[in-house]
Amino acid sequence: MTLKYLIRKEFLQIRRNAFLPRLIFGFPIVIMCVMPWVMNMEVKNVVVDVVDNDRSVASQQLVHNIEASQYFIFNGQKPTYQYALTEIEKGQADVVLVIPPNYSHDLVEGRKPQLLIAANAVNGTKGSIGSAYLSQIVTAQVMPQASAIQSQVSTLLLYNKHQNYKLFMIPALLAIVMMLMTGFLPTLNIVGEKEAGTIEQINVTPVSKWSFILAKLIPYWLIALFIITASLLLAWAIYGLTSAGPIWLIYLLSMLLALFFSSLGLIISNYSDSMQQAIFVMWFFVVCIMLLSGLFTPTRSMPDWAYLTTYVNPMHYFIDAIRTVFIRGGHFAAISHQVFALLGIGLFMAFWAVQSYKKNH
Amino acid sequence: MMNAIEVKGVSKHYGKVQALQDVSFSVGKGEVFGLIGPDGAGKTTLFRTLCTLLLPDKGTALVDGFDTVRQMKEIRQRVGYMPGRFSLYQDLTVEENLKFFATLFGTTVEAGYDSIKAIYSQIERFKDRKAGALSGGMKQKLALSCALVHQPSVLFLDEPTTGVDPVSRKELWKMLLMLREQGITIMASTPYLDEVRRCERVAFLDQGQIRGIDTPEVILEQFKDIFNPPGIEATVTQNKEQENVIEVEHLVKAFGDFHAVDDISFSVKRGEIFGFLGANGAGKTTAMHMLTGLNQPTSGTGRVVGYDIRTEYEQIKRHIGYMSQRFSLYEDLTVAENIWLFAGIYGMKDAEIKVKTDRLLEQLKFTEHKDDLVASLPLGWKQKLAFSVSIFHEPGVVFLDEPTGGVDPATRRQFWELIYEAAGRGITVFVTTHYMDEAEYCDRISIMVDGKISAMGTPNELKQRFGQPDMDHVFTYLARQATRSSD
């Protein structure tokens, strides 16, 4: 029964806070309206310099093909390779294409002309994907038969047909929402009570451990649910993206992730005496968990020892499962393995959290 | 001769609140000048203005001949400021704190050593200890050393002795008088009357205005309603029931080799007001934490309201009230919400809470402030409210840990009226305090020294036993025997 009073207190305090209520409403809007456009790994707008040593109809044709592509920005013809390289050094161009002097001649004679593509690979993805696109265009002209073979191989992209990056990122954004709302906020709240000294007052009252902890978590869980709902609605309204699988699975997965992050936060707050310490420790774990989860990079390409950590990384299970549900439309059977793993890790952390909170030393 | 401090018509307001209104006074070189007044009178605002931390809205202030607005740099080189609390870095050691403050003023500990030697030598042997681990009295000495390391000519002390035991307070003032002999001007605020009397002149500040400046005797006489309220006649307490509410035997709490509480035994009867005195670091708070179920004793037994403190501490928590020296109410909740929350925690029903809340607020004359945030209330009100909340569920015992720290005498008296009223209803009051006039109000007192109870009895018994005129002398007499100054 005391829970009711404690939860009401938390909501009052959240409402009194000058900043939190605005954050709660602003958060889903920023996450859904801005981030899907920004968190985009497609490579576009690669700036190309062309050094045309041939100056024939065929080489002009090639240049036109590049100009027409939506992936490239044609930066004009350059007199020499050296000149083009200095532009790369200055950051004015990303890729240089050098057309050899006898290009059209070789083409007509049936010899294979040698073209040079030099790419700035400081940004690895942009460099490699940019040069790959470029060589596709070149191949199409130099060896039409080769690209004909390519078109014989049919690639079937399953589930996310248009390779829509937004569809891929939205589930990941939901994970970040859960992490911030159910991990950070309750932790900071508890450490704040420690710093203000009010926690001592609560510890001499008959409030049980469980009531205290639940009263700290429930408000933020409800807020997180609200934000998730708002985010899903926004994704539908703005991008027309909806979950392919049952929506209740998305909520189930989010709640399991909330269980983990809340417990992690509680454990950290139980061992921290200052806001600074709590924030820093929390950040450390959160960054590790995120980068090792496959949220941004495929986990299979990690080294083996790093891949092993994904077995205990709840974010990894969550991302896997929610993408399965949201994009592929998987049902419970498809993600049961991840659900149980999440539940297991969450319960372990929750047990630890309750054990480490002591009203009596 | 030029005055050390010259204030002319200074006003300052925050939003609608007029913190200072047309304040004018002057302090001569080498004078010890006291600033007294109730909470929220504007004392801290005045200090901060003189230290160039705040700009006055109107008027001018000169410190050591320099203008606080235009010549900030010169003033900051010449003044030392010791705010009431938190002026030290708790996780730096004693020496690191001192070095840090020396560096701030572009000097070194060695260069300023002569001016702080008398004070710093008393704590120098603990120089590798973290400031947070020092006792209240030693923290004050360190803070004073830090404020003096750049050899200031004017020293501002904003309630330097709040939460400090009487012996340490006496030592601090001895040092201040020593500094005056070196020609340092001292301006200090304090809620303690014995400290007020040590000043040469005092200004009484109330609601942002100076009501009077004169010698302490004249001011205390002129405003005796506020500073020297008539003592409370202790209600006749003959018919105390004989039932013990707190029983403690051979209680020990050890942290490693250090025995914070070292074998104490006592009992408290129902409806009694039990004063639990002791110097800073004598072990009072630790003992109280064991009785309230926050800490487990290392050895010994204890029962509070009939429950064992080792095993049944959750039951104890149901039947006690507690008010700590730190603010125990939520500052971002209103008065009514705080009452509602704590009453709810103790399992009271909504309807009951509502009726009792209205009655309580009426009694405290708080009804119109029902929906005010606690943060906006003056300190004295917060403390009265915190006490009322801690006994709202009619506990068997209420534990008060320095409930009146930093409050003016008139408010403290009102607070004690509430305590008497609670005791009259049969609530046992277990209270720690550093105000010896409050000790006289208690039915029975124990004085802890070095983790042990060195004396226990009614105030009159103790005075007779040790042949001292008042509790202040009894306390000083006993506390001076302490050997454990390290904590």
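Q: Which residue takes a positive phi just after α6(B)?
A: That's G183(B), with a phi of about 90°. Before we go on, this is a predicted model: local features need pLDDT of at least 70, side-chain atom pairs count only at pLDDT 80 or more, and totals for chains, interfaces and linings use all residues. Residues are numbered from 1 along each chain as its sequence is written, while chains are lettered from A and ligands numbered from 1 in the order in which they are written.

Q: Thanks! Which helix does α6(B) cross, and at what angle?
A: Its partner is α18(B), residues 471-479; the axes of the two come within 9 Å and cross at roughly 90°. That makes α6(B) roughly perpendicular to α18(B). Helices here are DSSP runs of H or I with at least four residues, strands are runs of E with at least two, and both are numbered from the N terminus. Axes are lines fitted to C-alpha atoms, for helices over the stretch in contact, with angles from 0 to 180 degrees between N-to-C directions. Angles under 35 degrees count as roughly parallel, over 145 as roughly antiparallel, 65 to 115 as roughly perpendicular and the rest as oblique.

Q: And which residues meet there?
A: From α6(B) you have P166(B), V167(B) and K170(B), and from α18(B) there are D472(B), F475(B), T476(B) and A479(B). Contact means C-beta atoms, placed from the backbone, within 7 Å.

Q: Which residues of α6(B) are buried?
A: They are P166(B), V167(B), S168(B), R169(B), K170(B), L172(B), W173(B), L176(B) and L179(B). Buried means 20 or more other C-beta atoms within 10 Å of the residue's own, exposed means 12 or fewer, and partly exposed is in between, with C-beta atoms placed from the backbone.

Q: Now the strands. Where does F156(B) lie?
A: It is in strand β7 of chain B, residues 154-158. F156(B) counts as buried, with 25 C-beta neighbours inside 10 Å.

Q: What does F156(B) contact?
A: Leaving aside neighbours within four places in sequence, its contacts include F47(B), L50(B), V79(B), Y81(B) and M187(B). The C-alpha atoms of F156(B) and Y81(B) are separated by 4.8 Å, although these residues are 75 apart along the chain.

Q: What about Y322(B), buried or exposed?
A: Buried, with 26 other C-beta atoms within 10 Å. Y322(B) is found in strand β16, residues 320-323 of chain B. Not counting residues up to four places away in sequence, Y322(B) touches Q201(A) and V204(A) as well as T292(B), S390(B) and F399(B).

Q: Ah, chain A! How many residues of chain B are in contact with chain A?
A: 23 residues of chain B are in contact with 18 of chain A. Among the elements of chain B that each supply at least two residues to that side are α11 (313-318) and α12 (335-345).

Q: Last one: what does chain B come to overall in helices and strands?
A: Its secondary structure comes to 18 helices and 20 strands. Along its principal axes, the C-alpha trace spans about 65 × 55 × 40 Å. Buried residues make up 48% of the 487 residues in chain B.

Note on methods:
Two residues are in contact if their C-beta atoms, placed from the backbone, lie within 7 Å.
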